[in-house]
Amino acid sequence: MILALGMKWIEEALSCPTECTCDKWQVNCKGKKLKNFPTTIPLTTKKLILAQNNLPNLPLLTMSYLNELVHLDCSHNLITMDLDFSFPGLVKLTYLDLSFNKLSHITSFTFSQLSELLLLNLSGNPLMVKIMEQAFEKNSLLRYIDVNNCGLSYLSAETFEKLDRLRILRIKDNPWNCDCKFLTFSKWLIHTDIKFPDFENTTCIKPEKMKGLSLRKAKLELRYLCLVLLRPQDFIYICLVTFCIFLGGTLMAWLVGFCTVMYYHPVMRLYDEPEDEEYRMI
(Lines give C-alpha, C1' and ligand atoms only; values in the text may rest on other atoms or scores of the structure.)
Protein backbone atom coordinates (compact mmCIF):
# COMPACT_ATOMS: atom_id res chain seq x y z
CA MET A 1 0.00 0.00 0.00
CA ILE A 2 2.74 2.44 1.02
CA LEU A 3 4.75 1.45 -2.07
CA ALA A 4 1.75 2.08 -4.31
CA LEU A 5 1.17 5.51 -2.80
CA GLY A 6 4.85 6.29 -3.22
CA MET A 7 4.80 5.26 -6.87
CA LYS A 8 1.69 7.39 -7.46
CA TRP A 9 3.35 10.41 -5.82
CA ILE A 10 6.47 9.94 -7.97
CA GLU A 11 4.33 9.63 -11.09
CA GLU A 12 2.51 12.89 -10.29
CA ALA A 13 5.77 14.60 -9.40
CA LEU A 14 7.27 13.74 -12.78
CA SER A 15 4.17 13.97 -14.99
CA CYS A 16 3.40 16.81 -17.38
CA PRO A 17 -0.01 18.55 -17.52
CA THR A 18 -1.94 17.33 -20.54
CA GLU A 19 -2.61 20.89 -21.77
CA CYS A 20 1.07 21.87 -21.62
CA THR A 21 4.40 20.93 -23.11
CA CYS A 22 7.37 19.97 -20.97
CA ASP A 23 11.07 20.03 -21.69
CA LYS A 24 13.42 18.99 -18.89
CA TRP A 25 12.78 21.57 -16.16
CA GLN A 26 10.42 23.78 -18.19
CA VAL A 27 6.62 23.60 -18.36
CA ASN A 28 4.97 25.73 -21.04
CA CYS A 29 1.21 26.29 -20.82
CA LYS A 30 1.13 29.51 -22.85
CA GLY A 31 -2.12 30.35 -24.66
CA LYS A 32 -4.01 27.19 -23.71
CA LYS A 33 -7.11 29.05 -22.47
CA LEU A 34 -6.71 27.55 -19.03
CA LYS A 35 -9.27 28.57 -16.41
CA ASN A 36 -7.56 26.70 -13.58
CA PHE A 37 -3.99 26.37 -12.42
CA PRO A 38 -2.53 23.00 -13.59
CA THR A 39 -2.36 20.52 -10.71
CA THR A 40 0.13 18.00 -12.13
CA ILE A 41 3.14 20.24 -12.63
CA PRO A 42 6.37 18.29 -12.01
CA LEU A 43 7.89 19.19 -8.66
CA THR A 44 11.29 19.62 -10.29
CA THR A 45 10.04 22.42 -12.59
CA LYS A 46 12.32 25.45 -12.71
CA LYS A 47 10.53 27.49 -15.38
CA LEU A 48 6.74 27.69 -15.53
CA ILE A 49 4.97 29.68 -18.27
CA LEU A 50 1.26 30.30 -17.77
CA ALA A 51 0.93 33.40 -19.96
CA GLN A 52 -2.12 34.23 -22.09
CA ASN A 53 -4.70 32.17 -20.27
CA ASN A 54 -7.83 32.90 -18.20
CA LEU A 55 -6.53 32.13 -14.74
CA PRO A 56 -8.48 34.06 -12.07
CA ASN A 57 -6.13 33.35 -9.17
CA LEU A 58 -3.02 31.52 -7.99
CA PRO A 59 -3.60 28.52 -5.68
CA LEU A 60 -1.22 28.77 -2.75
CA LEU A 61 -1.28 25.07 -1.85
CA THR A 62 -0.36 23.87 -5.35
CA MET A 63 2.35 26.49 -5.75
CA SER A 64 3.89 25.77 -2.36
CA TYR A 65 5.17 22.40 -3.64
CA LEU A 66 7.15 23.98 -6.49
CA ASN A 67 10.25 24.58 -4.40
CA GLU A 68 12.60 24.44 -7.41
CA LEU A 69 10.79 27.16 -9.33
CA VAL A 70 13.08 29.95 -10.56
CA HIS A 71 11.03 31.57 -13.36
CA LEU A 72 7.25 32.16 -13.19
CA ASP A 73 5.36 33.89 -16.02
CA CYS A 74 1.67 34.54 -15.27
CA SER A 75 1.23 37.51 -17.63
CA HIS A 76 -1.96 38.19 -19.62
CA ASN A 77 -4.42 36.46 -17.33
CA LEU A 78 -7.34 37.55 -15.10
CA ILE A 79 -5.50 37.19 -11.80
CA THR A 80 -6.73 39.08 -8.75
CA MET A 81 -5.28 39.05 -5.23
CA ASP A 82 -6.81 39.78 -1.85
CA LEU A 83 -5.11 42.35 0.36
CA ASP A 84 -3.80 39.57 2.61
CA PHE A 85 -2.53 37.42 -0.29
CA SER A 86 1.08 36.28 0.07
CA PHE A 87 3.07 34.19 -2.38
CA PRO A 88 4.24 30.94 -0.79
CA GLY A 89 7.88 30.56 0.12
CA LEU A 90 9.29 29.90 -3.34
CA VAL A 91 12.80 30.25 -2.02
CA LYS A 92 14.51 30.05 -5.43
CA LEU A 93 12.18 32.26 -7.45
CA THR A 94 14.12 35.09 -9.13
CA TYR A 95 11.80 36.08 -12.02
CA LEU A 96 8.10 36.89 -11.61
CA ASP A 97 5.86 38.30 -14.36
CA LEU A 98 2.35 39.36 -13.30
CA SER A 99 1.84 41.90 -16.07
CA PHE A 100 -1.55 42.47 -17.71
CA ASN A 101 -3.77 41.08 -14.99
CA LYS A 102 -6.32 42.56 -12.58
CA LEU A 103 -4.13 43.33 -9.59
CA SER A 104 -5.32 46.26 -7.46
CA HIS A 105 -2.93 46.58 -4.48
CA ILE A 106 0.57 45.44 -3.57
CA THR A 107 0.90 45.11 0.19
CA SER A 108 3.71 44.25 2.58
CA PHE A 109 2.48 40.60 2.48
CA THR A 110 2.31 40.06 -1.29
CA PHE A 111 6.01 39.30 -1.95
CA SER A 112 7.24 38.99 1.63
CA GLN A 113 8.35 35.36 1.20
CA LEU A 114 10.15 35.82 -2.13
CA SER A 115 13.52 36.77 -0.69
CA GLU A 116 15.51 35.84 -3.85
CA LEU A 117 13.42 37.86 -6.31
CA LEU A 118 15.49 39.81 -8.85
CA LEU A 119 13.08 40.82 -11.63
CA LEU A 120 9.45 41.82 -11.09
CA ASN A 121 7.01 42.84 -13.83
CA LEU A 122 3.72 44.40 -12.69
CA SER A 123 3.02 46.45 -15.82
CA GLY A 124 -0.34 46.57 -17.55
CA ASN A 125 -2.45 46.42 -14.39
CA PRO A 126 -4.71 49.48 -14.75
CA LEU A 127 -6.63 48.56 -11.58
CA MET A 128 -3.46 48.70 -9.47
CA VAL A 129 -3.81 52.02 -7.66
CA LYS A 130 -1.53 51.53 -4.67
CA ILE A 131 1.82 50.04 -3.75
CA MET A 132 2.41 50.21 -0.01
CA GLU A 133 5.66 51.66 1.34
CA GLN A 134 6.70 48.29 2.81
CA ALA A 135 5.78 46.32 -0.32
CA PHE A 136 9.39 45.34 -1.15
CA GLU A 137 10.82 45.36 2.36
CA LYS A 138 11.74 41.66 2.13
CA ASN A 139 12.99 41.81 -1.47
CA SER A 140 16.36 43.47 -1.00
CA LEU A 141 17.86 41.71 -4.07
CA LEU A 142 15.47 43.27 -6.58
CA ARG A 143 17.25 44.77 -9.59
CA TYR A 144 14.36 45.43 -11.97
CA ILE A 145 10.76 46.59 -11.35
CA ASP A 146 8.23 47.46 -14.04
CA VAL A 147 5.02 49.31 -13.13
CA ASN A 148 4.36 50.85 -16.56
CA ASN A 149 0.76 51.37 -17.60
CA CYS A 150 -0.88 50.91 -14.20
CA GLY A 151 -3.31 53.05 -12.22
CA LEU A 152 -0.77 54.66 -9.91
CA SER A 153 -1.20 58.35 -9.09
CA TYR A 154 1.27 58.41 -6.18
CA LEU A 155 4.34 56.48 -5.09
CA SER A 156 6.50 56.93 -2.02
CA ALA A 157 10.26 57.23 -2.35
CA GLU A 158 10.53 55.12 0.81
CA THR A 159 9.16 52.16 -1.16
CA PHE A 160 12.43 51.94 -3.10
CA GLU A 161 15.05 53.65 -0.91
CA LYS A 162 16.12 50.42 0.80
CA LEU A 163 16.51 48.52 -2.49
CA ASP A 164 20.24 49.10 -2.81
CA ARG A 165 20.57 46.79 -5.81
CA LEU A 166 17.69 48.21 -7.82
CA ARG A 167 18.96 49.41 -11.20
CA ILE A 168 15.88 49.90 -13.40
CA LEU A 169 12.42 51.17 -12.48
CA ARG A 170 9.80 51.67 -15.19
CA ILE A 171 6.98 54.06 -14.25
CA LYS A 172 5.64 55.38 -17.57
CA ASP A 173 1.94 55.68 -18.52
CA ASN A 174 0.50 56.05 -15.04
CA PRO A 175 -2.02 58.79 -14.11
CA TRP A 176 0.48 60.70 -11.97
CA ASN A 177 -1.09 63.36 -9.77
CA CYS A 178 1.64 66.00 -9.62
CA ASP A 179 0.46 68.05 -6.66
CA CYS A 180 2.45 69.06 -3.57
CA LYS A 181 2.12 65.54 -2.16
CA PHE A 182 4.10 64.33 -5.18
CA LEU A 183 7.03 66.70 -4.55
CA THR A 184 9.10 64.37 -2.34
CA PHE A 185 8.86 61.49 -4.84
CA SER A 186 9.75 63.78 -7.76
CA LYS A 187 12.88 64.98 -5.92
CA TRP A 188 13.92 61.38 -5.35
CA LEU A 189 13.41 60.57 -9.05
CA ILE A 190 15.87 63.30 -10.02
CA HIS A 191 18.61 62.53 -7.50
CA THR A 192 18.62 58.72 -7.31
CA ASP A 193 21.05 56.60 -9.35
CA ILE A 194 18.26 54.28 -10.50
CA LYS A 195 17.54 54.39 -14.24
CA PHE A 196 14.05 55.26 -15.51
CA PRO A 197 13.62 54.30 -19.19
CA ASP A 198 11.51 56.86 -21.08
CA PHE A 199 11.69 59.17 -18.08
CA GLU A 200 11.54 62.31 -20.24
CA ASN A 201 8.29 61.05 -21.77
CA THR A 202 6.71 60.22 -18.40
CA THR A 203 4.15 62.94 -17.78
CA CYS A 204 1.63 64.21 -15.23
CA ILE A 205 -2.09 63.74 -15.72
CA LYS A 206 -3.36 65.84 -12.79
CA PRO A 207 -3.90 68.59 -11.73
CA GLU A 208 -5.03 70.35 -14.89
CA LYS A 209 -2.29 73.03 -14.79
CA MET A 210 0.40 70.30 -14.63
CA LYS A 211 -1.12 68.02 -17.27
CA GLY A 212 1.35 66.99 -19.95
CA LEU A 213 4.45 68.17 -18.07
CA SER A 214 7.30 65.69 -17.79
CA LEU A 215 8.10 64.61 -14.25
CA ARG A 216 11.43 66.44 -14.46
CA LYS A 217 9.75 69.75 -15.30
CA ALA A 218 6.99 69.04 -12.81
CA LYS A 219 9.56 68.83 -10.03
CA LEU A 220 10.73 72.38 -10.77
CA GLU A 221 7.16 73.69 -10.94
CA LEU A 222 6.18 71.94 -7.71
CA ARG A 223 9.19 73.33 -5.90
CA TYR A 224 8.07 76.82 -6.84
CA LEU A 225 4.34 76.30 -6.26
CA CYS A 226 4.59 74.34 -3.02
CA LEU A 227 7.53 76.04 -1.31
CA VAL A 228 7.30 79.66 -2.53
CA LEU A 229 3.71 80.57 -3.28
CA LEU A 230 1.36 80.65 -0.30
CA ARG A 231 -2.37 81.23 -0.11
CA PRO A 232 -3.73 84.22 1.89
CA GLN A 233 -4.79 81.96 4.75
CA ASP A 234 -1.23 80.59 4.87
CA PHE A 235 0.14 84.11 5.36
CA ILE A 236 -2.43 84.76 8.12
CA TYR A 237 -1.44 81.52 9.84
CA ILE A 238 2.29 82.32 9.61
CA CYS A 239 1.68 85.86 10.96
CA LEU A 240 -0.30 84.51 13.92
CA VAL A 241 2.37 81.95 14.73
CA THR A 242 5.11 84.59 14.46
CA PHE A 243 3.18 87.01 16.69
CA CYS A 244 2.59 84.28 19.30
CA ILE A 245 6.25 83.36 19.31
CA PHE A 246 7.26 87.04 19.63
CA LEU A 247 4.75 87.69 22.42
CA GLY A 248 5.78 84.54 24.29
CA GLY A 249 9.47 85.44 23.99
CA THR A 250 8.84 89.00 25.16
CA LEU A 251 6.86 87.88 28.21
CA MET A 252 9.47 85.29 29.09
CA ALA A 253 12.28 87.85 28.83
CA TRP A 254 10.35 90.33 31.02
CA LEU A 255 9.64 87.66 33.61
CA VAL A 256 13.27 86.54 33.75
CA GLY A 257 14.43 90.16 34.07
CA PHE A 258 11.92 90.91 36.83
CA CYS A 259 12.92 87.84 38.83
CA THR A 260 16.61 88.73 38.45
CA VAL A 261 16.06 92.27 39.74
CA MET A 262 14.01 91.06 42.67
CA TYR A 263 16.65 88.55 43.63
CA TYR A 264 19.68 90.86 43.53
CA HIS A 265 18.00 94.14 44.53
CA PRO A 266 15.20 93.54 47.05
CA VAL A 267 13.17 96.54 48.19
CA MET A 268 14.11 96.06 51.84
CA ARG A 269 16.27 93.54 53.61
CA LEU A 270 15.35 92.67 57.18
CA TYR A 271 18.93 92.69 58.40
CA ASP A 272 19.30 96.31 57.24
CA GLU A 273 16.64 97.64 59.69
CA PRO A 274 18.77 97.70 62.91
CA GLU A 275 21.55 99.55 61.11
CA ASP A 276 19.14 102.28 60.02
CA GLU A 277 17.82 102.76 63.59
CA GLU A 278 21.35 102.96 65.04
CA TYR A 279 22.30 105.51 62.41
CA ARG A 280 19.35 107.75 63.35
CA MET A 281 20.24 107.62 67.07
CA ILE A 282 23.72 108.95 66.34
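Figure 1. Over residues 15-47, the chain is 0% helix and 21% strand, with the end C-alpha atoms 15 Å apart. Helices (H or I, at least four residues) and strands (E, at least two) are DSSP runs, numbered from the N terminus. Residues are numbered from 1 along each chain as its sequence is written, and side-chain values use heavy atoms, leaving out hydrogens and water. Keep in mind that this is a predicted model: local features need pLDDT of at least 70, side-chain atom pairs count only at pLDDT 80 or more, and totals for chains, interfaces and linings use all residues.

**Figure 2. The disulfide between Cys 16 and Cys 22.** A disulfide here is a pair of cysteine sulfur atoms within 2.5 Å, and a search of the whole structure turns up three. In this one, the sulfur atoms of Cys 16 and Cys 22 sit 1.9 Å apart. The torsion about the S-S bond is about 85 degrees, so the Cys 16 and Cys 22 disulfide is right-handed. Are these two cysteines buried, exposed or partly exposed? Cys 16 is partly exposed at 31% relative accessible area, and Cys 22 is partly exposed at 35%. (Buried means under 20% relative accessible area, exposed over 50%, and partly exposed in between, with a 1.4 Å probe and protein chains only.)

**Figure 3. The disulfide between Cys 20 and Cys 29.** The S to S distance for Cys 20 and Cys 29 is 2.0 Å. With a torsion of about 105 degrees about the S-S bond, the Cys 20 and Cys 29 disulfide comes out right-handed. Cys 20 counts as buried at 9% relative accessibility, and Cys 29 is buried too, at 0%.

**Figure 4. The disulfide that joins Cys 178 to Cys 204.** Here the sulfur atoms are 2.0 Å apart. The S-S torsion of Cys 178 and Cys 204 is about -90 degrees, so this disulfide is left-handed. Cys 178 lies in the loop between β11 (176-177) and α4, while Cys 204 belongs to strand β12 (residues 204-206), so the pair ties together parts that are 26 residues apart in sequence. Both Cys 178 and Cys 204 are buried.

**Figure 5. Two further cysteines, Cys 74 and Cys 259.** Cys 74 is buried, with a relative accessible area of 0%. Cys 259, at 44% relative accessibility, counts as partly exposed.

**Figure 6. The largest pocket, with a volume of about 370 Å³.** On a 1 Å grid over the protein atoms alone, a pocket is an open set of points where a 1.4 Å probe fits, with protein on both sides within 12 Å along at least five of seven lines; lining residues have an atom within 4 Å of a point. Grid points are joined across faces, edges and corners, and the volume is the space filled by probe spheres set on the points. Of the 18 lining residues, those closest to the pocket's centre are Glu 133, Tyr 154, Leu 155, Ser 156 and Lys 181. The elements giving two or more residues to this lining are β8 (130-131), α3 (158-161) and α4 (183-191).
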